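Please look over the structure shown below before reading on. The briefing that follows groups its points by topic.

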Amino acid sequence: MNNSDSNEQQRLAALAALQIMDTPSEQAFDDLTALAARWLDTPIALISLIDSQRQWFKSRVGLNTSETPKEMAFCAHAIRQPALMEVADATLDARFAGNPLVTGDPGIRFYAGMPIASPQGTLIGTLCVIDQRPRTLNDQQRDTLQRLARLVEYQLQLRHTLLTSLEEAHELAHQQALNRRLLDSLKAGVVACADDGTLTLFNSTAQQWHGTNMLNLPPEEWARSYDLYAADGRTPLTTDDIPLVRAWQGKPVENVEICIACADQPLRHVLCSGGLLYPEQGGPGAAIVVMHDISEIRHASNMKSHFLATVSHELRTPLTAITGALGLLHSGTTDPSSAAGARLLGIARENSQRLNELINDLLDMEKLEAGKVALQLEPQDLRAAVVQAMESNRPYAERFQVHWYIPDGLADMAIIADQRRLQQVLTNYLSNAAKFSHSGGSIRIEWHLKGDSVTVSVVDQGIGIAAEQQPLLFTKFSQLDTTDKRRRGGTGLGLAICKELIERMGGQVGVQSEVDRGSCFWFTLPLAVSDNRQNKGDVPPP
């Protein structure tokens with residue numbers, strides 16, 4: 001592309017940017033053409049704009065047509081230079097003598113056109129006056145035409161400024177809408193206030209957490225309008241302790257933990273960070289705070305702390321018993337062959353077994369979490385497996401003075417399971433049922449076919465479990481806070497291990513229970529039929 005073509009492309013781009021072609025008439029432009037015709041005493045005055053194919057008249061006086069082809073336009077010649085172009089008699093000018101606008105209607109003889117520049121400085125048209133008789137302009141008339149042309153340029157500049165402002169406003173609105181959608185999509189809560197401290201922003205997450213969105217509140221009302229507490233979840237926050245107030249006051253807010261209470265929602269722990277939006281100004285100013293929900297992290301931390309305390313206690317108790325029993329025997333105070341010695345040895349043996357169970361639970365959970373448990377899945381005779389578990393755990397039944405049984409009439413079934421891990425799950429279910437049954441109670445073990453799986457249930461008539469505590473039963477590091485549970489021991493890992501094992505063998509676990517009316521702990525496993533025989537074989541850890 002040569003320089004001339006490049007300049008023409010720039011000129012056309014500047015004209016297009018004004019978005020003025022084929023627009024309705026405007027009073028400001030019409031006034032200028034009327035003044036030009038009056039002051040220069042011509043029957044025709046035009047504001048002509050030249051695009052690639054035509055000249056179009058934004059305003060016209062004394063002419064009916066709104067446009068002509070570009071090749072017929074006097075103005076197309078006028079915009080080739082920035083100075084006024086004046087043609088005294090078109091019939092004597094070689095450029096225009098044969099022009100249809102000269103030889104025909106409107107019979108142009110005299111033409112004077114002052115080029116009009118776009119805001120970018122390119123020539124896009126003219127303010128021109130036309131007469132049907134030859135003539136010339138005097139110096140005053142030429143000056144008038146030039147001044148009026150500058151006023152046309154001024155109107156074009158105003159139009160450009162308005163279009164730019166509208167475009168910027170549209171872009172700003174678009175950006176604000178985008179920012180709003182972005183803020184509302186965040187899993188974090190975002191709140192902000194203006195220079196005077198009134199709330200101006202509550203994204204959708206923050207609204208959900210607080211249960212309301214009362215904007216335009218002054219800072220002194222925030223503490224009364226929202227239920228905010230310190231990290232302990234009990235101490236109400238004062239106005240000066242609210243993170244957004246601190247940020248608004250120019251104080252540091254970094255990883256500050258608070259709690260938000262909202263009706264029909266559990267207490268929410270959030271971690272807050274924020275500051276002034278323009279801190280270089282100093283003093284109170286617009287501020288923003290971002291909040292991250294750490295409720296699950298805090299809950300998990302609390303459960304883990306409780307679990308560690310429980311494990312420490314559970315490990316210490318049998319160790320103390322073993323140490324005491326062995327100490328008495330070692331000191332010679334008690335003869336190992338006597339009845340008292342035998343009782344001490346029994347205490348040591350029983351507590352050694354308890355220690356072994358605790359350690360096995362911890363190791364199993366660690367292996368499950370690390371994905372290091374491999375299962376040998378193959379058909380198992382369910383009745384035989386249950387009978388084996390009942391016999392293996394008979395000492396539990398005797399210790400807690402309960403008995404377990406299988407109802408008559410249950411059909412033999414084969415399931416797909418790992419033999420050793422199935423025994424581990426049954427042992428846990430049976431031992432828990434024994435621990436929490438009343439002395440003399442009975443425990444029923446039954447199974448029923450449901451679709452392609454078998455549901456195995458261990459049902460007792462023991463102390464039962466409150467509905468609000470049941471969701472915690474199969475959770476890691478969770479232990480029900482009951483006197484019976486603490487008295488009878490346990491890490492709280494057994495059922496969590498059962499859940500992991502059963503799910504990895506293709507089943508599910510669950511419980512139904514009522515306080516003082518007993519519990520039914522159940523699990524499902526795939527039925528060993530031809531359709532699922534392909535499950536047989538080693539299943540490596542995921």
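A residue is called buried when its relative accessible area is under 20%, exposed when it is over 50%, and partly exposed in between, with a 1.4 Å probe and protein chains only. This is a predicted model, in which local features need pLDDT of at least 70 and side-chain atom pairs count only at pLDDT 80 or more, while totals for chains, interfaces and linings use all residues. Residues are numbered from 1 along each chain as its sequence is written, and side-chain values use heavy atoms, with hydrogens and water left out.

**Overall fold**
- The chain holds 15 helices and 20 strands, where helices (H or I, at least four residues) and strands (E, at least two) are DSSP runs numbered from the N terminus.
- Of its 542 residues, 45% count as buried, and the chain exposes about 28,100 Å², of which carbon and sulfur atoms supply 52%, by the Shrake-Rupley method with a 1.4 Å probe.
- With contact meaning heavy atoms within 4.5 Å, 60% of the contacts between residues at least 6 apart in sequence join residues at least 24 apart.

**Helix 13 and its cap**
- Helix 13 (residues 419-435) has 17 residues and should span 24 Å at 1.5 Å a residue, which agrees with the 24 Å between its end C-alpha atoms; the expected span is 1.5 Å times one less than the number of residues.
- Because 13 of the 17 residues of helix 13 are buried, this helix is largely enclosed by the rest of the structure.
- Asp418 caps the N-terminal end of helix 13, with a side-chain oxygen 3.1 Å from the backbone nitrogen of Arg420.

**Arg11**
- Arg11 lies in helix 1 (residues 3-17) and counts as buried because its relative accessibility is 7%.
- The side chains of Arg11 and Glu8 are joined by a polar contact of 3.0 Å, that is, a pair of N or O atoms within 3.5 Å in which, within protein, one must be able to donate a hydrogen and the other to accept it, and residues adjacent in sequence count only if both atoms are side-chain atoms.
- Not counting residues up to four places away in sequence, Arg11 touches Ile50, Asp51, Lys70, Ile79, Thr122, Leu123 and Ile124.

**Gly506**
- Gly506 is placed in the loop between helix 15 (494-504) and strand 18 (509-514), and it counts as exposed because its relative accessibility is 53%.
- The C-alpha atoms of Gly506 and Ala417 are separated by 8.6 Å, although these residues are 89 residues apart along the chain.
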